[in-house]
Amino acid sequence: LAMSDIFPVKPNRPREETRTSKVAVRQTGQMRVVFATAELSPVATVGGLAAAAAGLGAELRRLGVDLDVVMPDYGDVALVDETTMPLEVPDWVGSATIRVGFHPVVGRLHLVSVPGMARPHPYLQANGEGWHDNSDRFFRFARAVAAFIDRDPPDVVHLNDWHTGATLAALADPPPTVVSIHNLAYQGISDGSWLDRIGPRAAHYEWWGGVNPLSGALALADRIVAVSPHYATEIITPAGGFGLDEPLRNRGDDLIGILNGIDSEMWDPAHDPLIAAPFDAASLDARRSNRTALLARVGLPDDDVVLATVVTRLTHQKGIDLLAPLVPLLAQIPMRLAVLGSGDARLAAQLHSLVTEYPDTLAFVDGYDEALSHLMFAGADLYLMPSRFEPCGLTQMQAMRYGAIPVVTAVGGLVDTVTDADVHRDGTGFVADRAEREDLLAALFRAERRVRDRRRRSAIQKRGMAIDWSWHEPAREYLALYGELAANPRIRSESSRR
């Protein structure tokens, strides 16, 4: 059986057609939510978690939610009207305090300081290896978050990924709780000695002799949210569950999928100061100026050959290693490729080597450049995303917003956001069935053929640009979920009995 036979995939539909659950929601001004995360753009940004936390948090506040955003204090973050308060935590945590004030971009913010937390990078040393004490740091952080919650319990607690997962071990009688899974591959597994320290419900965190902060949180949370509907179906399979598929299957309807959004003001080609020429769906010809600027910036020839771009972290998950064998074949399509990204040093070295060998076909910018990322979307014909797995993905939505037609693999949130224009009359891109060289090459051949047809290309671009990828609807789905939990005292009693 194919996975689609077991877990049927609903056809894509624009955001405005999705329906928020019909539940009784409190007046938003009465609802207080503690939202704990290890990343928040632009305060601390490593991956999609930072953008998702910032986007969802901002939209929830616009809806009137009293949102306490709680994150680690990595140091060097200035707050306006700051106050500092101690948190009562066990001796093993050490001194814990929380700074509360206003950040000029994200608004009111709670920064938790525990021993060892302040670092130049949230997770990694300069050599790319993880900090040796990451488990200690985030177990302390989670225990301090629990102390903050106990001090003044909110209506709902919303935890994000493994870094916050051990919070529930320390809460004997927690408020209703939501846990979001942004990437199940990262679970924060550590040694079993932590079971004696993290709290009264530590038994739920035991994991093959060790301790797994994410598995415990998934066992104790009242609701679990995967960051796209299709990802919610993938993580309950052995292939996509990273060892947690059975516990997730056991939660049944408590697991749902809500697609992430993007910041539609930041990613707006009609008012973007970072691109060469603004444009919208009615002025697509202006994209040519952005294409010229992009080609000049990355050093590729400025002609009519189809241009594909990639903006990514250089990781195995993102399928960047699959690009290497494709580069020698791109001239046959014909197509050129520009890549912007940082991460795995070996993948970066491989791309640098290929640039030397194929300078008129491939360009690679090692690192992350905000302005260049916008230009990569505004000037490209195609946007390539060869992910092996992708919980949601943001760049395919950003690319469509700018008229770059996505070529993606059929995984996670890419399934929920991109429909194949060779299969569906209302298609928005091109989909490779698998993250394999042959499938990607076939998808690129199909995409190149279609974008050569100016009328067909324009129709695909306009469909993608017309979709509302903002946080407007996802935030309402979260708000409905919060309201359901806060209005149902039975849920809280069930949570405390686990």
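Which residue in E14 stands opposite threonine 312? I will come to that pair in a moment, but please keep in mind throughout that what we are looking at is a predicted model.

Let me start with the sheet to which that question belongs. Six strands form an open sheet in the order E15-E14-E13-E16-E17-E18, and their pairing is parallel. Strand E15, residues 362-366, and strand E18, residues 430-432, stand at the edges with a single partner strand each, so one side of each has no neighbour in the sheet. From one strand to the next the twist averages 20°. Within this sheet, strand E13, which covers residues 306-314, and strand E14, which covers residues 335-343, pair in the parallel sense over nine bridges, and here is the residue I asked about: threonine 312 stands opposite glycine 341 in E14. Helix H9, residues 370-379, packs on the sheet, where it touches E13, E14, E15 and strand E16 (382-385), and its direction makes about 145° with that of E13.

There is also an open sheet of nine strands, in the order E3-E4-E5-E2-E1-E6-E7-E11-E12, and in this case the pairing is mixed. Its edges are strand E3 (80-86) and strand E12 (255-257), each of which has a single partner strand, so that one side of each is left without a neighbour in the sheet. On average, and with direction ignored, neighbouring strands of this sheet are turned by 25° against each other. If you look at strand E2, residues 66-72, and strand E5, residues 107-113, you will find them paired in the parallel sense over three bridges, with proline 72 opposite valine 112 in E5. Helix H3 lies across E1, E2, E3, E4, E5 and E6, and it runs at about 155° to E2.

Going back to leucine 248, and leaving aside its neighbours within four places in sequence, we find it in contact with Ile181, Leu184, Leu218, Ile224, Ile235, Ile236 and Leu255. As background, nonpolar side chains in soluble globular proteins tend to be buried together.

Turning to charged side chains, the count comes to 30 salt bridges, of which I will discuss a few. Arginine 223 and aspartate 254 meet through their side chains at 3.3 Å, N to O. This pair links distant parts of the chain, since arginine 223 is in strand E11 (residues 223-226) and aspartate 254 is in the loop between helix H6 and E12, 31 residues apart. Is this arginine buried or exposed? With a relative accessible area of 16%, arginine 223 is buried, because the cut-off for that label is under 20%.

Arginine 388 forms a salt bridge with aspartate 321, and the closest N and O atoms are 2.7 Å apart. Arginine 388 lies in the loop between E16 and helix H10 (395-401), whereas aspartate 321 lies in the loop between E13 and E14, so the pair ties together parts that are 67 residues apart in sequence. Arginine 388 is partly exposed, at a relative accessible area of 26%, and aspartate 321 is also partly exposed, at 25%. I would also mention a network of salt bridges that links Arg32, Asp66, Asp68, Arg108 and Asp152.

Finally, some details of the backbone. A cis peptide bond, with omega about 0°, joins serine 41 and proline 42, and proline 42 lies in the loop between E1 and helix H2 (48-62). The peptide bond from isoleucine 333 to proline 334 is cis as well, with omega near -5°, and proline 334 is in the loop between E13 and E14. Aspartate 76, in the loop between E2 and E3, has a positive phi near 60° without being a glycine, and its relative accessibility of 87% counts as exposed. Phenylalanine 242, which is not a glycine either, has a positive phi of about 45°; this residue lies in the loop between helix H5 (229-234) and H6, and at 37% relative accessibility it counts as partly exposed.

Technical notes:
Residues are numbered from 1 along each chain as its sequence is written. This is a predicted model: local features need pLDDT of at least 70, side-chain atom pairs count only at pLDDT 80 or more; totals for chains, interfaces and linings use all residues. Side-chain values use heavy atoms; hydrogens and water are left out. Contact means heavy atoms within 4.5 Å. Two strands pair if DSSP finds at least two bridges between them. Helices (H or I, at least four residues) and strands (E, at least two) are DSSP runs, numbered from the N terminus. Axes are lines fitted to C-alpha atoms, for helices over the stretch in contact, and angles run from 0 to 180 degrees between N-to-C directions. A salt bridge is a side-chain nitrogen of Lys or Arg within 4 Å of a carboxyl oxygen of Asp or Glu. Buried means under 20% relative accessible area, exposed over 50%, partly exposed in between (1.4 Å probe, protein chains only).
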